[in-house]
Amino acid sequence: MLCLCLYVPVHISERIELQYFESDSLPAQLKSLFKLSLFLPSQEFDSYRNWRKKIVKAGDKDLDGQLDFEEFVHYLRDHEKKLRLVFKSLDKKNDGRIDSQEIMQSLRDLGVHISEEQAEKILKSMDKNGTMTIDWNEWRDYHLLHPADNIPEIILYWKHSTIFDVGESMLVPDEFTAEEKKTGMLWRHLVAGGGAGAVSRTCTAPLDRLKVLMQVHASRSNSMGIAGGFTQMIREGGLRSLWRGNGINVLKIAPESAIKFMAYEQIKRLIGSNQETLGILERLVSGSLAGAIAQSSIYPMEVLKTRLALGRTGQYSGMKVCAKHIFKKEGLKAFYKGYIPNMLGIIPYAGIDLAVYETLKNSWLQRFATDSADPGVFVLLACGTMSSTCGQLASYPLALVRTRMQAQAATQEGSPQMTMTGLFRHIVRTEGAIGLYRGLAPNFMKVIPAVSISYVVYENLKITLGVQSR
């Protein structure tokens with residue numbers, strides 16, 4: 001058995017034991033060791049506490065607030081693998097060493113320009129043998145016990161909520177490196193993402209409108225299939241009617257994305273997090289709150305989109321006319337119909353999407369990342385498609401109830417308005433549990449084309465806007 005005990009001298013006190021690790025199954029080379037002790041000067045006690053908090057947070061798998069030996073070893077192995085990816089990305093010459101020119105070049109790729117003197121200062125902080133170059137061992141030893149959940153190389157390659165637009169804006173915002181924020185590249189990413197979302201939503205708008213019609217009108221007595229739904233739309237309003245409601249769906253991308261990203265950054269600061277220490281739970285909390293703020297700000301546009309999609313040919317000549325009609329007939333409150341199920345849907349959607357995407361990402365990094373964190377187009381598309389699909393599946397009943405509440409006055413004029421719980425009960429009683437998933441088929445049919453189109457457009461817009469990629 002190995003005991004790793006950590007003692008730290010504190011003010012007005014004898015040194016005390018602060019942490020204890022033990023294991024019954026040790027690697028053979030460690031079995032001869034009995035005790036390892038580490039002593040820190042009392043003036044570094046605050047630094048130790050911050051270090052310990054980060055280490056425990058990064059490696060605590062069972063969430064008991066403690067780090068046992070197995071968790072500590074797992075953390076070291078996982079972190080070392082991420083560090084090797086960064087080292088290889090910096091080693092432009094592939095000679096196993098990093099010099100000042102390579103540091104300057106890597107930062108230049110991110111839009112940050114430093115002098116050779118500044119690069120040499122960075123080198124000296126890690127260089128043990130005075131060669132003014134850093135080999136793998138020096139790099140690893142310097143960074144191994146400095147946790148970083150978001151290695152910049154991984155952040156650069158694994159963005160997905162900015163890139164993939166499946167018509168629902170409930171994903172947790174992507175992380176951006178400090179360099180991307182400082183140089184303004186993040187806003188170019190967001191503009192590229194917004195443009196990609198506009199093209200993607202326009203291309204898949206017929207499927208989206210069919211989904212809304214099936215959510216509201218399909219039932220046991222009125223079975224509406226995909227072919228029948230398209231035929232009905234074309235017969236009623238011609239080919240152009242397939243895109244009814246798409247204009248406002250595209251228009252809301254810009255304000256929603258901007259509000260969500262700014263709110264996300266502010267909430268991260270309020271909860272005391274920064275880019276280096278942000279964990280999945282913190283990302284979920286920050287992203288969900290930011291999504292709620294953004295959705296609250298643009299929610300009237302969601303109601304307008306639903307009413308326009310359900311409208312008959314000639315009923316509304318445009319968004320402005322539709323908004324005036326709703327305000328005059330139903331009042332201001334009508335613009336927030338379905339607001340509660342919409343807010344409740346953010347957590348399962350964002351949470352499951354984030355959890356699935358992070359799981360798939362980490363699994364790929366563990367198994368296949370050897371020289372780079374870049375997963376390639378197909379892996380990125382597959383991970384984004386699977387995580388978005390799982391998120392939508394989990395929150396779909398709430399999305400359906402939201403749509404029906406938004407549409408109530410348009411479909412049941414003069415009848416009493418049903419509450420969220422009342423609608424749930426009514427749907428389950430009259431249609432069974434399957435009724436909560438009306439319109440799911442066209443919704444899933446649009447995921448793969450939406451993700452593919454938004455990715456292709458995003459990559460082309462990045463080039464046009466001068467977004468630098470490695």
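User: What does Gln-215 touch, leaving out residues up to four places away in sequence?
Analyst: In this predicted model, Gln-215 touches Tyr-396, Ala-399, Leu-400, Thr-403, Arg-404 and Arg-438.

User: Where does Gln-215 lie?
Analyst: Gln-215 lies in helix H9, which covers residues 205-217.

User: And is Gln-215 buried or exposed?
Analyst: Buried: the relative accessibility of Gln-215 is 1%, and the cut-off for buried is under 20%.

User: Which side chain makes a polar contact with the one of Gln-215?
Analyst: That's the side chain of Thr-403, and the polar contact is 3.0 Å.

User: Thr-403 again, then. How far is the C-alpha atom of Thr-403 from that of Lys-337?
Analyst: The two C-alpha atoms are separated by 8.8 Å, while Lys-337 and Thr-403 are 66 residues apart along the chain.

User: Where is Lys-337 found?
Analyst: Lys-337 is in the loop between helix H14 (319-330) and helix H15 (339-368). Lys-337 counts as buried, at 19% relative accessibility.

User: What does Lys-337 touch?
Analyst: Not counting residues up to four places away in sequence, Lys-337 touches Tyr-299, Val-303, Arg-307, Glu-330, Met-405, Gln-406, Ala-409 and Gln-417. With Glu-330 there's also a polar contact between the two side chains, at 2.9 Å.

User: Changing topic: how many salt bridges does the structure hold?
Analyst: Twelve. One of them joins the side chains of Asp-208 and Lys-446, at 2.8 Å from N to O. Asp-208 sits in helix H9 and Lys-446 in the loop between helix H18 (440-445) and helix H19 (447-465), so this pair ties together parts that are 238 residues apart in sequence.

User: Are Asp-208 and Lys-446 buried or exposed?
Analyst: Asp-208 counts as buried at 8% relative accessibility, and Lys-446 counts as buried at 2%.

User: Which residues do salt bridges with shared partners join into one network?
Analyst: Asp-208, Lys-211, Lys-305 and Lys-446 are joined that way.

User: On to the nonpolar parts. How many residues has the largest nonpolar core?
Analyst: It has 13 residues, and those with the most contacts inside it are Phe-87, Leu-90, Ile-98, Ile-103, Ile-134, Trp-136 and Trp-139. Helix H2 (69-90), helix H3 (100-109), helix H4 (116-126) and helix H5 (136-143) each supply at least two residues of this core.

User: Which helix gives the largest share?
Analyst: H2 does, with four residues.

User: And what is Trp-136 in contact with?
Analyst: Setting aside neighbours within four places in sequence, Trp-136 is in contact with Glu-80, Leu-83, Arg-84, Phe-87 and Gly-96.

User: Which residues are in the other core, the one of twelve?
Analyst: That core lies apart from the largest one, and its twelve residues include Ala-218, Leu-242, Ala-309 and Leu-310.

User: How many disulfides are there?
Analyst: The count comes to zero.

User: Let's zoom out. How many helices and strands does the chain have?
Analyst: The secondary structure comes to 19 helices and five strands. Of the 470 residues in the chain, 49% are buried.

User: What share of the contacts joins residues at least 24 apart?
Analyst: Among contacts between residues at least 6 apart in sequence, 72% do.

User: Last one: what does the accessible surface come to?
Analyst: About 23200 Å² for the chain, and 60% of that belongs to carbon and sulfur atoms.

Conventions: Residues are numbered from 1 along each chain as its sequence is written. This is a predicted model: local features need pLDDT of at least 70, side-chain atom pairs count only at pLDDT 80 or more; totals for chains, interfaces and linings use all residues. Side-chain values use heavy atoms; hydrogens and water are left out. Buried means under 20% relative accessible area, exposed over 50%, partly exposed in between (1.4 Å probe, protein chains only). A polar contact is a pair of N or O atoms within 3.5 Å; within protein, one must be able to donate a hydrogen and the other to accept it, and residues adjacent in sequence count only if both atoms are side-chain atoms. Contact means heavy atoms within 4.5 Å. A salt bridge is a side-chain nitrogen of Lys or Arg within 4 Å of a carboxyl oxygen of Asp or Glu. A nonpolar core is a set of buried Ala, Val, Leu, Ile, Met, Phe, Trp, Tyr and Cys residues joined through side-chain atoms within 4.5 Å. A disulfide is a pair of cysteine sulfur atoms within 2.5 Å. Accessible areas come from the Shrake-Rupley method with a 1.4 Å probe; for residues, only the protein chains shown count as cover.
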